[in-house]
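Subject: Structure for your attention

Dear colleague,

Please find below the structure that I am handing over to you.

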Amino acid sequence: MSGLNALVIVAVVVFVVVRQCSARRISDDRRWWILPGILLFMSLREPGLTDPHREALSAAALGVELVVGLVTGAGWGWTVRLWREPDGSLWSRGTKATVFVWTGGLVLRASLYGAARLMGIHQGTGALMAALALTLLVRGGVTTWRARQVAPAYGGAADGMPSSPWKERV
């Protein structure tokens, strides 16, 4: 059964990375923080966020896991390519660097999990969920900040604005 679970995890990771590396239109959705907020809330409600038998080591492992999530999210947000199409729509696509950030984050998380197990620390799903929430939150924040910096496409309308200040709005 554990081999099947590992296969499912690998398939999900490959799906996420492939999806991130394909061009996707970015909407003007200001709710990018809701899913990470829900995940963070759920992780804090989850019993066993830290191991009650090894509180200090467990809290340190959780802290390192959160730092890895923070760095992975920032790297993910910074490595995504953003551009505007002539119609003014904003698009994104992950790059090879995005794949390396994802892979590095996964390797670090697996290494942390293995090190914690060797030290006898039991980590529940809450720690993984909190780190994932932080990763998504930081990625969304960095990508949103970067998206606001993307200039309108040359010769096209962006956000309903005319491409020339002398043209009237429709």
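Helices (H or I, at least four residues) and strands (E, at least two) are DSSP runs, numbered from the N terminus.

Please note that this is a predicted model, in which local features need pLDDT of at least 70, side-chain atom pairs count only at pLDDT 80 or more, and totals for chains, interfaces and linings use all residues. Residues are numbered from 1 along each chain as its sequence is written, and side-chain values use heavy atoms, with hydrogens and water left out.

The helix α2

Which residues of α2 are buried? They are Pro-36, Leu-39 and Ser-43. These residues lie on the same side of α2, because they cover an arc of only 60° around the axis; the arc is that of the directions from the helix axis to the C-beta atoms. An α-helix has 3.6 residues a turn, so residues three or four places apart point the same way. The cover over the buried residues of α2 includes α5 (125-149); contact means heavy atoms within 4.5 Å. Helix α2 (residues 34-45) has 12 residues and spans 17 Å from its first C-alpha to its last, close to the 16 Å expected at 1.5 Å a residue. That expected span is 1.5 Å times one less than the number of residues.

The protein as a whole

The protein contains five helices and three strands, and their order from the N terminus is α-β-α-α-β-β-α-α. Of its 170 residues, 32% count as buried. Among the contacts with a separation of 6 or more, 75% are between residues 24 or more positions apart. The accessible surface comes to about 11,100 Å², and carbon and sulfur atoms account for 67% of this. Accessible areas come from the Shrake-Rupley method with a 1.4 Å probe, and for residues only the protein chains shown count as cover.

The strands

How do the strands pair? Strand β1 (residues 24-26) pairs with β3 in the antiparallel sense over three bridges, and β2 and β3, also antiparallel, are joined by four bridges. Two strands pair if DSSP finds at least two bridges between them. Leu-90 in β3 is the bridge partner of Ile-26, and Leu-90 is likewise the bridge partner of Arg-84. Arg-81 stands opposite Arg-93 in β3.

Gly-88 sits in the loop between β2 (81-84) and β3 (90-93). In this hairpin, which has five residues between the strands, Gly-88 takes a positive phi near 95°. Is Gly-88 buried or exposed? Gly-88 is buried, with a relative accessible area of 8%. Gly-88 and Pro-152 are 64 residues apart in sequence, yet 6.2 Å apart in space, C-alpha to C-alpha.

Which residues make up the largest nonpolar core? It consists of seven residues: Trp-76, Val-80, Leu-82, Leu-90, Trp-102, Ala-147 and Val-150. A nonpolar core is a set of buried Ala, Val, Leu, Ile, Met, Phe, Trp, Tyr and Cys residues joined through side-chain atoms within 4.5 Å. Not counting residues up to four places away in sequence, Ala-147 touches Leu-82, Arg-84 and Leu-90.

Arg-139 is located in helix α5 and counts as partly exposed, at 22% relative accessibility. Leaving aside neighbours within four places in sequence, Arg-139 is in contact with Gln-20, Gly-73, Trp-76 and Gly-77. Arg-139 and Trp-76 are 63 residues apart in sequence and 5.9 Å apart in space, C-alpha to C-alpha.

A colleague

Terms used:
Buried < 20%, exposed > 50% of the residue type's maximum accessible area, 1.4 Å probe, protein only.
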